[in-house]
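Subject: A structure for you to look at

Hi there,

I am passing a structure on to you, together with some notes to read beside it. Please open it first and then come back to the text.

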Amino acid sequence: MKTQLAPCTSRRIAARVVPSLIAVLALSACGGDDDDVGAPPLATTPPVAIQPEPLRPQDGRTYAVIESNLPFAAMANAPATDRWWGVLNKAGYQIEVPKNWNGMLVMYAHGYGGTGPALEVAPPAIRRHLISQGYAWAASSYSTNYYDVRAGVEDTNALALAFRDIAGKNGRTLAAPSKTYIIGNSMGGHVTAAAVDEENIETAVNKIRYQGAVPMCGVLGDTELYDYFAAYQTAAMVEAGMPATRWPPADWASIGPQVRAKMFSSFPGGSTPTAPAVPTAQGLRLKQIVANLSGGTRPLFDYAYASAYQATVWGTFGRDGKMQGILLDDVVTTNDIFFQLDADPAISADEVAYNASIFRVPATPGANRLRRDGLRWVPKTNARITVPVVTIHTLGDLYVPFKMEQIYKRRADALGTSNLLVQRAIRGIAHCDFTIAEQASAFDAMVKWEQQGVKPEGDDVLTPSIVADPQYGCRFTDNTPSVDDSRALLATRAALPQCAPR
């Protein structure tokens with residue numbers, strides 16, 4: 001007959017054999033030693049307290065999924081699918097699985113959702129292409145808004161991990177996906193690149209390894225995007241004769257319109273939202289400075305500088321470096337930025353003097369350090385990649401400028417991971433204004449590369465003479481219209497200088 005040990009006695013024995021934090025906690029729950037007569041006293045070590053991370057403004061904000069907006073209909077003239085929607089960990093989701101599913105899943109990461117409390121899901125623009133090829137796709141609203149890439153990565157990963165369970169609960173038994181890819185636009189491009197970066201794979205709470213990624217118009221320089229905004233603003237203030245002396249300028253609300261008026265004779269916004277941004281004679285040097293800050297001399301920059309996205313970029317000016325409460329300290333800095341005043345890469349005496357005198361925006365050391373509870377508050381895109389990554393970016397984008405591609409390429413070069421990176425320049429002038437054909441081509445190229453080992457062609461994004469060529473971006477620009485393309489986008493493309501016949 002075996003002697004049955006009391007539960008607490010059993011846990012004490014376990015504590016002696018495996019002196020873990022769990023065993024220590026189990027022991028403390030048992031009270032005194034009256035039921036363990038004759039046992040030697042245990043040396044107990046108090047559990048090490050894990051210091052909680054401080055709370056940010058973002059942590060105190062409240063968000064809610066608009067559940068009535070989650071249902072979505074089947075696409076006309078498309079393969080039959082199952083469609084599911086709901087809420088997972090405070091984030092809304094949509095999932096679509098073709099009846100003839102090919103066993104592979106594509107996660108879609110949406111772009112910046114603003115600063116409101118409502119959370120909404122956006123399906124991928126290439127939805128029809130994906131389901132026609134047999135891919136399932138899934139998209140999360142994320143559990144927050146603002147520029148919260150940390151939430152975007154975690155919530156997208158969590159949805160990917162829950163895919164089979166959600167399918168089962170909706171009456172369809174599926175095998176685990178044989179491949180899981182991730183694609184995304186803008187902030188979602190940041191989410192996409194971060195999700196396949198080794199640092200974030202190691203530190204994420206919801207851990208998953210994707211087999212390949214397509215960041216589109218992505219913030220591939222992570223916080224360096226905000227450095228660009230600050231550099232543009234400080235240069236504009238210098239050119240207007242109202243240089244910054246502190247950051248952020250305390251009176252930007254009043255001096256901002258004055259600075260802009262000195263730089264532009266016409267500007268989009270207000271009663272004339274479609275008015276072009278036309279630089280004054282005084283503002284022409286600023287135009288060249290911004291060309292250099294955003295990626296260098298390149299085709300279509302003149303058209304982009306005149307576009308309505310100027311108002312979007314200027315709308316970011318006047319802020320501190322905390323990314324609207326995503327961080328507790330200032331991460332933004334212009335200390336490492338060299339302002340070039342002309343198109344000549346040689347450094348002139350005027351440029352040396354300019355850079356010595358312009359106000360430098362400081363950052364707080366460690367503002368975006370590694371966290372004890374998971375990802376950095378702004379996950380890095382270090383280019384620590386082990387899977388194929390194919391990117392696309394419009395040349396004229398000033399909101400998330402082409403410079404982001406150059407930053408990412410230099411990071412990959414420094415780490416020796418460029419063999420896993422292909423980048424494509426697209427001849428568009430707005431943010432993320434890709435045709436369906438361009439997005440589908442990039443996705444298909446990544447998949448073929450990952451599955452068959454056929455590395456696709458791309459563009460050199462770093463050599464100034466190549467980027468400045470009038471035909472740069474023509475190789476992968478595809479204006480072939482599809483039923484899902486925006487008519488306005490196609491009209492804008494038609495009004496731009498066209499590529500020479502191939």
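Which residue lies over the face of Trp377? That is Arg371, at 3.4 Å from the ring centre.

Before the rest, a word on what you are looking at. This is a predicted model, in which local features need pLDDT of at least 70, side-chain atom pairs count only at pLDDT 80 or more, and totals for chains, interfaces and linings use all residues. Residues are numbered from 1 along each chain as its sequence is written, and side-chain values use heavy atoms, with hydrogens and water left out.

**Charges and rings**

(A charge sits over a ring if NZ of Lys or CZ of Arg is within 6 Å of the ring centre and within 35 degrees of the ring normal.)

There are also 23 aromatic pairs in the structure. Rings of Phe, Tyr and Trp (its six-membered ring) pair if their centres lie within 6.5 Å, and planes under 30 degrees apart count as stacked, over 60 as edge-to-face and the rest as tilted. One of the pairs is Tyr181 with Phe443: the ring centres are 6.2 Å apart and the planes stand at 85°, so this pair is edge-to-face. It links distant parts of the chain, as Tyr181 is in strand β7 (residues 179-185) and Phe443 in helix α14 (residues 436-452), 262 residues apart. Helices (H or I, at least four residues) and strands (E, at least two) are DSSP runs, numbered from the N terminus. Tyr181 and Phe443 are both buried, where buried means under 20% relative accessible area, exposed over 50%, and partly exposed in between (1.4 Å probe, protein chains only).

Tyr226 and Phe229 make another edge-to-face pair, with 5.8 Å centre to centre and 85° between the planes. These two both lie in helix α7 (residues 224-239), three residues apart, about one turn of the helix. Tyr226 counts as buried at 15% relative accessibility, and Phe229 does too, at 5%.

**Two disulfides**

The structure holds two disulfides, a disulfide being a pair of cysteine sulfur atoms within 2.5 Å. In one of them, the sulfur atoms of Cys217 and Cys432 are 2.0 Å apart. The torsion about this S-S bond of Cys217 and Cys432 is about 100°, so the disulfide is right-handed. Cys217 lies in the loop between β8 (212-216) and α7, and Cys432 in the loop between β12 (421-426) and α14, so the link ties together parts that are 215 residues apart in sequence. Both Cys217 and Cys432 are buried. Cys432 has one more point to note: its phi is near 65°, a positive value in a residue other than glycine.

The sulfur atoms of Cys474 and Cys499 are also 2.0 Å apart, but their link is left-handed, with -95° about the S-S bond. Cys474 lies in the loop between α15 and α16 (487-494) and Cys499 in the segment after α16, so this pair ties together parts that are 25 residues apart in sequence. Cys474 counts as buried at 9% relative accessibility, whereas Cys499 is partly exposed, with a relative accessible area of 28%.

**Backbone details**

A cis peptide bond joins Trp247 and Pro248, with omega about -10°. Pro248 has its place in the loop between α7 and α8 (252-263). Ala383, although not a glycine, has a positive phi of about 70°. You will find Ala383 in the loop between α12 (349-357) and β11 (389-394), buried with a relative accessible area of 0%.

**One pocket to finish**

A pocket here is an open set of points on a 1 Å grid over the protein atoms alone where a 1.4 Å probe fits, with protein on both sides within 12 Å along at least five of seven lines; lining residues have an atom within 4 Å of a point. The second largest pocket is lined by 22 residues, of which Arg56, Asp59, Ser143, Thr144 and Asp148 lie nearest its centre.

Enjoy exploring it!

Best wishes
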